[in-house]
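Please look at the sequence and the model first, then read the points below.

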Amino acid sequence: RGGWLEVICGPMFSGKSEEMIRRLRRAEIAGQRVVIFKPRIDDRYDATDVVSHAGASMRAAAVESVPELTARAAAYDVVGIDEVQFFDESIVAAALDLADRGLRVIISGLDQDFRRLPFGVMPELLAHAEFVDKLQAVCHRCGGTATTTQRLVDGRPAPYSGDTVVVGAAEQYEARCRDCHEAGADAV
Ligand code: ADP
Ligand code: ZN
């Protein structure tokens, strides 16, 4: 039987983790073997959790690489992949292959970076998916419909150039609507 690919995307705070957890819990209730994989970024441990901003959580497994994910996914019916923007581009072929082998693959990640540009592999995954959900958050500034992620450094819009990690600066993220999103001072 064929599987398929579902993508959940949107800015930070839009409920992607909650939605991932909701879908996997229901699959679990249906007696399916489910797992969530996360990219291992700096965790020292294999086991970790997907935690939503509202506090819901579910056990997840941190993987080092896409081949590791592929190998471990074989034992499951439903595979969640969280924070997909942090995997390299080989995650696209890997996800499609799992779906071809009959797995239900549920992918969650940011659709735009803090500059509002398409984020990593997400555009390709959206094009390949059978089902796509784009979630919105509440704009931290005006209460409107937030579709972007605002990056702030020391309380000001982060520059669009330069490193993703700014050493020694207090970094913070907010969900913002189209009108309230502020470009970095160096944006063209
Ligand atoms: P994501 O995975 O997309 O970052 P989460 O599932 O972790 O989102 O968090 C969604 C939850 O965050 C909401 O249900 C709500 O309780 C809380 N929340 C906090 N700030 C906001 C906001 N600005 N907009 C929407 N939800 C928010
Ligand atoms: Zn706004």
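The model is a predicted one. Its domain assignment gives domain 1 (4-135) and domain 2 (136-188). Seven strands form an open sheet with mixed pairing, and the largest nonpolar core has 37 residues.

**Domains**

- The centres of domain 1 and domain 2, taken over C-alpha atoms, are separated by 24 Å.
- Eleven residues from domain 1 and 13 residues from domain 2 take part in the contact.
- On the side of domain 1 that touches domain 2, six residues are nonpolar, three are polar and two are charged.

**The sheet**

- The strand order in the sheet is β3-β4-β2-β5-β6-β1-β7.
- At the edges are β3 (47-51) and β7 (131-134), each of which pairs on one side only.
- On average, neighbouring strands of this sheet are turned by 30° against each other, direction ignored.

**Strand β4 and its partners**

- Strand β2 (residues 34-39) pairs with strand β4 (residues 57-63) in the parallel sense, over three bridges.
- Within this pairing, Phe-37 is opposite Ala-61 in β4, and Pro-39 is opposite Val-63 in β4.
- Between β3 and β4 the pairing is antiparallel and runs over five bridges; in β4, Met-58 is the bridge partner of Val-50.
- β3 and β4 also form a hairpin, with five residues between the two strands. Gly-55, in the turn, has a positive phi of about 105°.

- Which residues of α3 are buried? They are Ile-91, Val-92, Ala-94, Ala-95, Leu-98 and Ala-99.
- These buried residues of α3 pack against the strands β1, β5 and β6 and against α2 (66-73) and α4 (122-128).
- Just after α3 comes Gly-102, with a positive phi of about 105°.

**Nonpolar cores**

- Inside the largest nonpolar core, the residues with the most contacts are Ala-95, Val-105, Ile-107 and Leu-125.
- Helix α3 (residues 90-100) gives the most to this core, with six residues.
- Ile-107 touches Leu-5, Glu-6, Val-7, Ile-81, Val-84, Ala-95 and Leu-125, leaving out residues up to four places away in sequence.
- Another core, of six residues, lies apart from the largest one. Ala-137, Ala-146, Ala-175 and Cys-177 are among its residues.

**Thr-148**

- Thr-148 is placed in strand β10 (residues 148-153).
- Is Thr-148 buried or exposed? Thr-148 counts as buried because there are 26 C-beta neighbours inside 10 Å, and the cut-off for a buried residue is 20 or more.
- Not counting residues up to four places away in sequence, Thr-148 touches Pro-11, Gln-112, Arg-116, Arg-176, Arg-178 and His-181.
- From Thr-148 to Gly-55 there are 93 residues in sequence and 22 Å in space, C-alpha to C-alpha.

Terms used: Residues numbered from 1 in each chain as written. Chains lettered and ligands numbered in written order. Predicted model: local features only at pLDDT ≥ 70, side-chain atom pairs only at ≥ 80, totals over all residues. Pairing = 2+ DSSP bridges. Helix = DSSP H or I, 4+ residues; strand = E, 2+ residues; numbered from the N terminus. Axes fitted to C-alpha atoms, helices over the stretch in contact; angles between N-to-C directions. Domains from an automatic or database assignment. Contact = placed C-beta atoms within 7 Å. Nonpolar A, V, L, I, M, F, W, Y, C, P; charged D, E, K, R; others polar. Core = buried A, V, L, I, M, F, W, Y, C linked by C-beta atoms within 7 Å. Buried ≥ 20, exposed ≤ 12 C-beta atoms within 10 Å, placed from the backbone.
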